[in-house]
Amino acid sequence: MKPHKKQITLVGYAYGGAGNVPGCKDGPAAFRNNGLTEKLSELGYSVSDAGDAEYRGDPNTEKSESKTNVRNLKETLSACTSLYQKVYAALEHGNFPLILGGDHSSSIGSVAAVSDFYRTQGPLGLLWVDTHPDINTPETSPSKNIFGMSVAALLGQIPGPLSSLQKSPPAVTAESLVYIGLREVDPGERELIKKLGIRCYTMKDIDSRGLFSVVTEAIEYLAANEAGFFTSFDLDVCDPRIISAIGTPCRGGLTYRESHLVMEKIFDSGLCRALELVELNPSLDDSGESTEIAVSLIESALGKTIL
Ligand SMILES: [Mn+2]
């Protein structure tokens, strides 16, 4: 089965206020300026653009939010709510949402929208390809940055607005989630991952078993979700020698070929319902190479093949 609806809607998340790298807000523009639409058209898609999620307030003003214990809560919620609406509208039009980040708080809106839309079909799987599990709560987070709490929010682990953006929370359950590529995990995150029994493929698993085996098994596991799965791909999972223009680099990541293989397998599965690429920081990408590779990864995830 080949997945994809032949219409794609681009949705930008030009927001960096949930992390510590404001440059990520320029990610969507970099994707658009690097021929993304043209390349997807060459693959046979018709591409529309829903523009960027809007938000109120200025996340760049330094302020402490002692009441909520997290940084830029109002601004981030406003950006995620707008993203939710744009992604949901794309699905209502019968289109495949391609979300361009932006920092990784995007998922709080994007995954919630896709989960709500497919709710009647059954649970939505979530494939989280990232160096980081982003499963801190406001209590465990060392930085109080919301981009490190997205998965906890989607799992309903954060009482309050971050976990209740969707109509029927939680957006995903621990059984419907798979991590690939983890290599930097905070102590509180480690505890919660074990407590919830989340399926994880760390870099050690990839080193020992090979990426092909890992990603094949991950997709088989996700296939149990009747609604298919959402792919959230943080570009920092790639080795910084491959993609250097990212928010939080960490050595020892996926190679160029491994990164493409993940994307190719996602396409082959026919089960991916929406794709998100996040954390591109164009202010560090003078040569344009990181953006170029990120665009090529999107092409692989949407069916570009060698032959
Ligand atoms: Mn990350």
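Contact, in these notes, is when heavy atoms are within 4.5 Å.

**Ground rules**

I'm looking at a predicted model, so local features need pLDDT of at least 70, side-chain atom pairs count only at pLDDT 80 or more, and totals for chains, interfaces and linings use all residues. Residues are numbered from 1 along each chain as its sequence is written, and side-chain values use heavy atoms, with hydrogens and water left out.

**Helix α9**

I started with α9, residues 256–269. Helices here are DSSP runs of H or I with at least four residues, strands are runs of E with at least two, and both are numbered from the N terminus. The expected span of a helix is 1.5 Å times one less than its number of residues.

Next I looked up burial (buried is under 20% relative accessible area, exposed is over 50%, partly exposed is in between, with a 1.4 Å probe and protein chains only). The buried residues of α9 include Ser259, His260, Val262 and Met263. What covers them? Just after α9, I found Gly270 with a positive phi of about 70 degrees.

**Helix α8**

α8 has 12 residues and reaches 16 Å from its first C-alpha to its last, close to the 16 Å expected. Leu211, Val214 and Val215 are among its buried residues. The buried residues of α8 pack against β4, β5, β6 (199–202), α7 (203–209), β7 and α9.

**The manganese ion**

Which residues are the protein donors of the manganese ion? I noted Asp130 (OD), His132 (ND1), Asp234 (OD) and Asp236 (OD), lying 2.2 to 2.3 Å from the ion. Donors are N, O and S atoms within 2.8 Å of the metal (3.2 Å for Na, K and Ca), and water is not among the atoms, so sites may look incomplete. Along the chain, the donors follow the spacing D-x1-H-x101-D-x1-D. His132, in the loop between β4 (125–129) and α5 (150–154), and Asp234, in strand β7 (residues 229–234), link distant parts of the chain, 102 residues apart. His132 is buried at 12% relative accessible area, and Asp234 is buried at 2%.

**The largest pocket**

I then checked the largest pocket, with a volume of about 290 Å³. On a 1 Å grid over the protein atoms alone, a pocket is an open set of points where a 1.4 Å probe fits, with protein on both sides within 12 Å along at least five of seven lines, and lining residues have an atom within 4 Å of a point. The volume is the space filled by probe spheres set on the points, which are joined across faces, edges and corners. Of the 19 lining residues, the closest to the centre are His132, Asp134, Phe147, Gly148 and Asp186.

Asp134 has a positive phi of about 50 degrees although it is not a glycine. Asp134 sits in the loop between β4 and α5 and counts as buried at 6%. Asn72 is not a glycine either, and its positive phi is about 55 degrees. I placed Asn72 in the loop between β2 (46–52) and α3 (73–92), buried at 3%.

Finally, I noted a cis peptide bond joining Pro169 and Pro170, with omega about -5 degrees. Pro170 lies in the loop between α5 and β5 (177–182).
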